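Here are my notes on the model, point by point. Please read them with the structure open.

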Amino acid sequence: MIILFGLVLAALAPWEAQSAPLADPVPPPPQSTSAWRPSGPWGGSATAIAVDANAPGTLLAGARNSLIFRSRDGGAHWSRLGFPRHFLGTVTTLAISPGDPKLYLAGLYVEQSPYAGVWYSEDAGATWKMGSGLAGNSVQSLAIWAKDPRRVVVGTRDGVWGSTDSGRTWKRLSAPYNHEMRGVTAVAIDPLDGDIIYAGTTHLPWKSTDGGKTWSSIHDGMIDDSDVFSIVIDPANPKQVLASACSGIYRSEAAGTDWTKFQGIPSSHRRTHVIRIRPGDSKVIYAGTTLGLLKSVNGGATFKQLNQLHILAMTFDPRNPDRLYIAAEGTGLWLSEDGGQTVRTINNGFVSRRLISVAAADGSLYTNVIQDGEGGGIFSSRNGGESWNLSANSTVLRDNHITRLAGCPGDEKLLFAGNESRALRSRDGGKVWTELRLGVADARLLALACVSGDKPEKGLVYAGTDRGLLRSSDAGQTWQPARLTTVNIPHNVQAIYTSPAAPRRIAVRTTFAMYLSEDSGGSWKVMNILFPVSLIYDIALAGGPKGLALVATAQGLFVSEDGGKTWQRRENGLQPGTVSSLAVRPDHADEVYASQFGRVFRSVNGGRLWQSLAQAEIAEASIQKLTFAWGQKDRLLGLTPDLGMFYLDLSVDQ
């Protein structure tokens, strides 16, 4: 048994039926050299969308994880704005002030955080401030009075709040003791009378006729306990009000006094997140539901389903009402130019995805996206990470939580994937998958890796499980135990590390120790790491005579020049604290890259001295994994947990 010495510190976890395609493979516009370039996979869940009434080509889109994007060309391209992300919440609503195109408003929902509330930018998204008076109160809806954009109303977890200075300061409008108006999910202001305010709650709708001083329940005709998701007022006839609720869609022709339920909605589509009236034609009504977009051309008498998107928000181009923008769960941003009849993705530059890992297989790259429904799965890149295409979605994989991924150095189309309960193999670049049997009963799959075998074209596959390390030399058809020690110990193998810079070196991390092989797993030796291996986030293995091994930990960087026998802490030039990932440049045995949150550092002498790379910082982000593709020494890849993949061209620095 290996006895580990050292102070045990708490480990700090690193930053943790459409015809249109689910991902846009178009690369982003060229940026300056020596800088990270985002490459997707584009898409993911979009939670809010807004259009500039004075310049309809300008759009804002929001997402979870405090992400806000802007487009200047009608959604053709998106770029992320510098919205603060030291807290992570959902951007539930966005607005560009009709009175000032540089004034942006963002409603943020954050559980138990002082950063929840309304944020505003006075310089078109360059910098952001928090609206005073509302801090810590999660916002779920927002409305601006068209006659006077200084008057803004929001619905929050703690009632209705109002602003008379375009969202900079706020005061409570609904009474704090009115517990039925705590969770306000929808707000609307009468287009003619700013003192008339409607509020939808998790318990039916309410109305004020005196600017929010007093409120009346207006639920006659609506099924009891209906959660109201959206309220919209007909600008041509303000007495006609529409509301969507968990129990269906309703209309009032008497300013909310009584409600009539639309009968043309299938019962399966009752969760309607948003309802809209087509500008200039009150008979055309759109309903964005969890199961698709519904449209009525006869005032709600009948509805037709147009697609199957899970819609969270939508808005119109104010100068072209046939142009409809949609924010959807899992699949991102969509555009219709024919009144909703057809839609196409407009995700180029927009990304809000949870990427788990990146794998290199000869000339191809792969990454796995989880929790995006049919929009997630395995993505591939054939151009060094510049763009990504969906190879297999969750339907093909029969799984929405593929967490392990490994590519093989001798075959760009041979790929392995899985999670704790399944192991899969693809021989065609991730399109078709076959279930594999590891041959060990009840074993949980915790890690996967491929290394070069005795012959370059023949790879070896390793599977780390809670029952030990397994090895396959026939592409996963059969598996044999791979003993890390001569003693028959049931190792819990939690991670396997390989490197394009040293194709035959492989490191294995178990619960208590680290092991290293110099010959593709033919023999193993223990690495004499004198601190808890639970602190380790990543290991980089170099080729060359020194055989460098570098370890990224919660306590900083450690380097061994003798195969793991002795270690030195190396900090010269690095920031104190956590190093999250490492990568050795192929064919450059002493050139190493390290990530600390969103910054990247480079050493050209085996980790002795470090220098921050100019322009190589991803603002308000964290790099979870650095890697090189097999055979590509001039391109560094960076995986972030919620902003997708980035690539950095190194050839410009030579």
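1. Phe87 and Trp119 are both buried; buried means under 20% relative accessible area, exposed over 50%, and partly exposed in between (1.4 Å probe, protein chains only). This is a predicted model: local features need pLDDT of at least 70, side-chain atom pairs count only at pLDDT 80 or more, and totals for chains, interfaces and linings use all residues. Residues are numbered from 1 along each chain as its sequence is written, and side-chain values use heavy atoms, with hydrogens and water left out.

2. **Aromatic pairs across the structure.** How many aromatic pairs does a search of the whole structure find? The search gives 12. Rings of Phe, Tyr and Trp (its six-membered ring) pair if their centres lie within 6.5 Å; planes under 30 degrees apart count as stacked, over 60 as edge-to-face and the rest as tilted. The ring centres of Phe87 and Trp119 are 5.4 Å apart and the planes make 25 degrees, so this pair is stacked. The pair links distant parts of the chain, 32 residues apart. Phe87 is in the loop between strand 6 (79–80) and strand 7 (90–96), while Trp119 is in strand 9 (residues 117–121). Both belong to one aromatic cluster, together with Phe83, Tyr104, Tyr115 and Trp128.

3. **Confidence.** The mean pLDDT is 90, and 93% of residues reach 70 or more. pLDDT is the predictor's confidence in each residue, from 0 to 100. Residues 1–33 are below 50. Beyond near neighbours in sequence, that stretch still has 79 contacts in the model; contact means heavy atoms within 4.5 Å. Where pLDDT is low, the predicted coordinates should not be read in detail.

4. **Overall build.** The protein has one helix and 58 strands. Helices (H or I, at least four residues) and strands (E, at least two) are DSSP runs, numbered from the N terminus. The C-alpha atoms fill a box of roughly 85 × 45 × 45 Å along the principal axes. Of the 654 residues, 59% count as buried.

5. **The cores.** The largest nonpolar core has 32 residues. A nonpolar core is a set of buried Ala, Val, Leu, Ile, Met, Phe, Trp, Tyr and Cys residues joined through side-chain atoms within 4.5 Å. Trp36, Leu333, Val600 and Leu636 have the most contacts inside this core. Elements that give two or more residues to it include strand 3 (48–51), strand 28 (320–328) and strand 55 (611–617). Strand 4 gives the most, with three residues. A second, separate core has 19 residues, including Met514, Leu516, Ile529 and Tyr537.

6. **Sheet 48-49-50-51.** This open sheet has four strands, in that order, with antiparallel pairing. Two strands pair if DSSP finds at least two bridges between them. Strand 48 (536–541) and strand 51 (568–569) stand at the edges with a single partner strand each, so one side of each lacks a neighbour in the sheet. Strand 49 (residues 549–553) and strand 50 (residues 556–560) share five bridges. Val551 has Phe558 of strand 50 as its bridge partner.

7. **Ala540.** Contacts of Ala540 include Leu548, Leu582 and Val584.

8. **Strand 25.** All five residues of strand 25 (residues 292–296) are buried. Strand 24 (residues 285–289) pairs with strand 25 in the antiparallel sense over five bridges, and a hairpin joins the two through two residues. Tyr286 has Lys295 as its bridge partner. Strand 25 also runs antiparallel to strand 26 (residues 304–305), with two bridges. There, Leu294 is partnered by Gln305.

9. **Ser352.** Ser352 lies in strand 31 (residues 351–352). With 9% relative accessibility, Ser352 counts as buried. Residues that Ser352 touches include Gly43, Arg64, Asp372 and Asp642.

Conventions. Lists of a residue's contacts leave out its neighbours within four places in sequence.
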